[in-house]
Amino acid sequence: MKIAVVYTSTTPKLVAGVTDALQAELAGMPAEILSYQDASILQEARDNNGLTPGLCARLLDLYEQGRRDGADIILNICSSVGEVARRAKPLYELCGIPFIRIDEDMARAAVAAGARIGVVATLPTTLNPTKELVQQCADAAGKKVELVDALADGAFGLDQDGFRQKLIDTGRLVADRVDVLLFAQGSMAYAEGDVAAALGKPVFSSIRFGAKAVAEAAKKR
């Protein structure tokens with residue numbers, strides 16, 4: 001069983017978090033994790049405040065490389081490129097390859113947990129794609145939700161302690177207007193427990209949901 005994990009952000013904390021979660025969920029299964037990384041994709045999205053034809057093509061190249069290398073499952077990590085992942089998913093599944101968006105089950109869980117959802121992001125390019133995903137999940141569930149922006153401006157690039165505190169401070173600004181908080185980026189996952197404890201609100205981050213989805217797909221195969 002080969003799992004192709006596609007990254008557009010290659011911070012050590014993110015890669016380690018994803019790898020550890022996958023290994024824990026896949027324990028006892030004969031699984032090999034293949035890593036595909038291109039940090040220029042996220043940088044180009046940031047520089048252009050959204051998707052460009054070039055970054056979309058390079059992202060598709062990563063998916064295809066995974067397929068050519070024999071991947072049984074593809075896991076997309078980046079939320080900023082969620083629209084590309086949304087369109088690629090049914091095509092790969094037509095080819096018999098489960099395509100997992102790391103944040104999709106997280107969004108469904110957040111919708112089930114509350115009607116007022118605070119979307120916390122450190123990058124504007126991640127905020128809107130995540131909100132679109134949450135809204136799509138709410139529409140599919142037939143539930144009306146209110147989405148509240150919580151942009152942790154300046155958090156990107158901070159050390160872990162500073163990053164964690166920035167997320168707490170940002171969440172506190174919207175805490176009285178939301179039922180739950182949702183982290184828009186996998187790189188934020190390690191702060192989930194601290195933010196939940198500080199604010200007294202349920203917090204949803206994507207890595208644990210994505211890893212579980214991969215394991216469920218692997219069992220079916």
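**Entry 1: Glu192**

I looked up Glu192 and found that, at 15% relative accessibility, Glu192 counts as buried, where buried stands for under 20% relative accessible area, exposed for over 50% and partly exposed for what lies in between, with a 1.4 Å probe and protein chains only. I note that this is a predicted model, in which local features need pLDDT of at least 70 and side-chain atom pairs count only at pLDDT 80 or more, while totals for chains, interfaces and linings use all residues. Residues are numbered from 1 along each chain as its sequence is written, and side-chain values use heavy atoms, with hydrogens and water left out.

Glu192 lies in helix α8, residues 192-199; helices (H or I, at least four residues) and strands (E, at least two) are DSSP runs, numbered from the N terminus. Leaving aside neighbours within four places in sequence, I found Glu192 in contact (heavy atoms within 4.5 Å) with Phe183, Val203, Ser205 and Arg208.

I then turned to Ser206, which lies in helix α9 and is buried, with a relative accessible area of 2%. Not counting residues up to four places away in sequence, Ser206 touches Ile102, Asp103, Met106, Gln185 and Gly186.

Which residues of α5 and α9 meet? I listed Asp105, Met106 and Ala109 in α5, and Ser206, Phe209 and Ala213 in α9. By class, this contact of α5 with α9 has 4 nonpolar, 1 polar and 1 charged residues; Ala, Val, Leu, Ile, Met, Phe, Trp, Tyr, Cys and Pro count as nonpolar, Asp, Glu, Lys and Arg as charged, and the others, Gly among them, as polar. The axes of helix α5 (residues 104-113) and α9 come within 7 Å and cross at roughly 115°, the axes being lines fitted to C-alpha atoms, for helices over the stretch in contact, with angles that run from 0 to 180 degrees between N-to-C directions. The crossing of α5 past α9 is right-handed, a term used if the near helix is turned clockwise from the far one by less than a right angle, and left-handed if anticlockwise.

**Entry 2: α1 against α9**

I also looked at helix α1 (residues 12-25), which packs with helix α9 (residues 206-220) at an angle of about 40°, with their axes 9 Å apart. That makes α1 oblique to α9, since angles under 35 degrees count as roughly parallel, over 145 as roughly antiparallel, 65 to 115 as roughly perpendicular and the rest as oblique. Here too I noted a right-handed crossing of α1 and α9. The contact is made by Leu14, Gly17, Val18, Ala21, Leu22 and Glu25 of α1, together with Ile207, Ala211, Lys212, Val214 and Ala215 of α9, and by class it has 8 nonpolar, 1 polar and 2 charged residues.

For α2 and α3 I found axes that come within 9 Å and cross at roughly 155°, and that makes α2 roughly antiparallel to α3. The crossing of α2 past α3 is left-handed. Ser40, Ile41, Glu44 and Ala45 in α2 meet Gly54, Leu55, Arg58, Leu59 and Leu62 in α3, and the residues of this contact divide into 5 nonpolar, 2 polar and 2 charged.

**Entry 3: the cores**

I looked up the largest nonpolar core, which has 23 residues, those with the most contacts inside it being Val6, Leu59, Tyr63, Ile74, Val81, Tyr92 and Phe99; such a core is a set of buried Ala, Val, Leu, Ile, Met, Phe, Trp, Tyr and Cys residues joined through side-chain atoms within 4.5 Å. At least two residues of this core come from each of β1 (2-7), β2 (32-37), α2 (39-48), α3 (53-68) and α4 (82-94), and α3 gives the most, with 5 residues. A second, separate core of 21 residues includes Tyr7, Ile77, Ile100 and Ala217.

**Entry 4: Lys143**

Last, I checked Lys143, which lies in the loop between α6 (124-141) and β6 (146-151) and is partly exposed, with a relative accessible area of 27%. Lys143 and Gly114 are 29 residues apart in sequence and 9.9 Å apart in space, C-alpha to C-alpha. Leaving aside neighbours within four places in sequence, Lys143 is in contact with Val111, Ala112, Gly114, Ala115 and Ala138.
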